[in-house]
Amino acid sequence: MSPDSSTRFEKTTELTADSPTLIEGLPGLGLVASIAVDQITKQLGLEQHGSIVSDDFPSVAAFEEGRVRDAVRVYAGEDPDVMTLQSDVPIPPTAVDSLSRCVLSDVADEFERAVFLAGAPAESQEEIGEVAGVATSDQLETSMTEAGITLADGSGVIGGVTGALLDDCYRNDVPAAVLLVRSNPYIPDPGAARAVIEDALEPLVEFDIDTQELLEQAEEIQQQKQQIAEQLQQYQQQQEPDPRTAGMYQ
């Protein structure tokens, strides 16, 4: 159990996958991670493996198709061996560290490696969908290079919950990588989500996802995600600059 008892993983099924890859889909800039992992979970038919609950999360009731569900969920499947981490609400700054510790203490034993997604503001339409990678280990760096993923140039800071998760994985020797995706900084961006699936996640994780509906239903997806985007923007505006919770990539 997590050292922070207010944030804990509640498992509902036993894991059948053999050393899966965890793909993180928590809300961030452009909601790229959230949109991409929604599509992956649906396309692969992953089943809910458990949920993460916390006193630090917003007091809201999430629902889908008329049924209440946990806001922060973990899904898993075995063909291919994949786990996903998803949330219907932005993770507030006060919950970032406790959520990250919970993933490392309660969930990390179940996956072989983690792939995180972080949005970066595109400066032009042409930049949208460009992907660069950062790894915590030589093996993952090699895997990204073999998958055709460009390694990030220079130096930078990854903030928000993705930065906290990546930092904790690095400090605890959990193999992890982050894919930095250029996206529209103002609205949910299904196009950038489609690009990161096709150009990075498919070759890296070795699965095949049909992303056509991300283009066909782009307007509907943007409307569905707009409330989350507005909540996320409010959190970001309230934050003081901090290396763990603010930065170019979130």
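Is E198 buried, exposed or partly exposed? With a relative accessibility of 31%, E198 counts as partly exposed, where buried means under 20% relative accessible area, exposed means over 50%, and partly exposed lies in between, computed with a 1.4 Å probe on protein chains only.

Good morning, colleagues. The structure before you is a predicted model, in which local features need a pLDDT of at least 70 and side-chain atom pairs count only at pLDDT 80 or more, while totals for chains, interfaces and linings use all residues. Residues are numbered from 1 along each chain as its sequence is written, and side-chain values use heavy atoms, with hydrogens and water left out.

I begin with the sheet. Nine strands make up an open sheet, in the order β1-β3-β6-β7-β2-β8-β11-β9-β10, and the pairing is mixed. At its edges are β1 (7–11) and β10 (150–151), each of which pairs on one side only. As to terms, helices (H or I, at least four residues) and strands (E, at least two) are DSSP runs numbered from the N terminus, and two strands pair if DSSP finds at least two bridges between them.

Let us turn to strand β6. Six of the seven residues of β6 (residues 72–78) are buried, so this strand is largely enclosed by the rest of the structure. Strand β3 (residues 47–54) runs antiparallel to β6 and is joined to it by four bridges; here S51 stands opposite R73. With strand β7 (residues 81–87), β6 pairs in the antiparallel sense over seven bridges, and A76 has M83 of β7 as its bridge partner. Strands β6 and β7 form a hairpin with two residues between them.

P80 is placed in the loop between β6 and β7, and the peptide bond from D79 to P80 is cis, with omega near 5°. Most residues other than glycine have a negative phi, and most peptide bonds are trans. Two further residues deserve attention on this point. D173, in the loop between α4 and β11, has a positive phi of about 55° although it is not a glycine. D173 also counts as exposed, at 71% relative accessibility. E206, found in helix α5 (residues 190–206), likewise has a positive phi, near 65°, and is a residue other than glycine. E206 is exposed, with a relative accessible area of 67%.

I return to the sheet and the helices on it. Strands β9 (residues 131–135) and β11 (residues 176–183) run antiparallel and are joined by five bridges; V134 has V178 of β11 as its bridge partner. Helix α3 (residues 138–146) packs on the sheet and touches β8 (113–121), β9, β10 and β11, its direction making about 160° with that of β9. Helix α4 (residues 160–171) also packs on the sheet, touching β2 (21–25), β8 and β11, and its direction makes about 145° with that of β8. Contact here means heavy atoms within 4.5 Å. Axes are lines fitted to C-alpha atoms, for helices over the stretch in contact, and angles run from 0 to 180 degrees between N-to-C directions.

Finally, the charged pairs. Side chains of opposite charge can pair when their charged atoms come close. How many salt bridges does the model contain? The count comes to seven, where a salt bridge is a side-chain nitrogen of Lys or Arg within 4 Å of a carboxyl oxygen of Asp or Glu.

One of them joins K11 and E110, whose closest N and O atoms are 3.1 Å apart. This pair links distant parts of the chain: K11 lies in strand β1 and E110 in the loop between α2 (96–107) and β8, 99 residues apart. K11 is partly exposed, with a relative accessible area of 40%, whereas E110 is buried, at 15%.

R171 and D167 form another, with the closest N and O atoms 3.0 Å apart. Both residues lie in helix α4, four residues apart, about one turn of the helix. R171 is exposed, with a relative accessible area of 61%, while D167 counts as partly exposed at 22%.

Which residue pairs with E198, where I began? R194 forms a salt bridge with E198, the closest N and O atoms being 3.5 Å apart. Because R194 and E198 are four residues apart in helix α5, about one helical turn separates them. R194 is partly exposed, at 22% relative accessibility.

I close with R69, R73 and D88, which are linked in a network of salt bridges.
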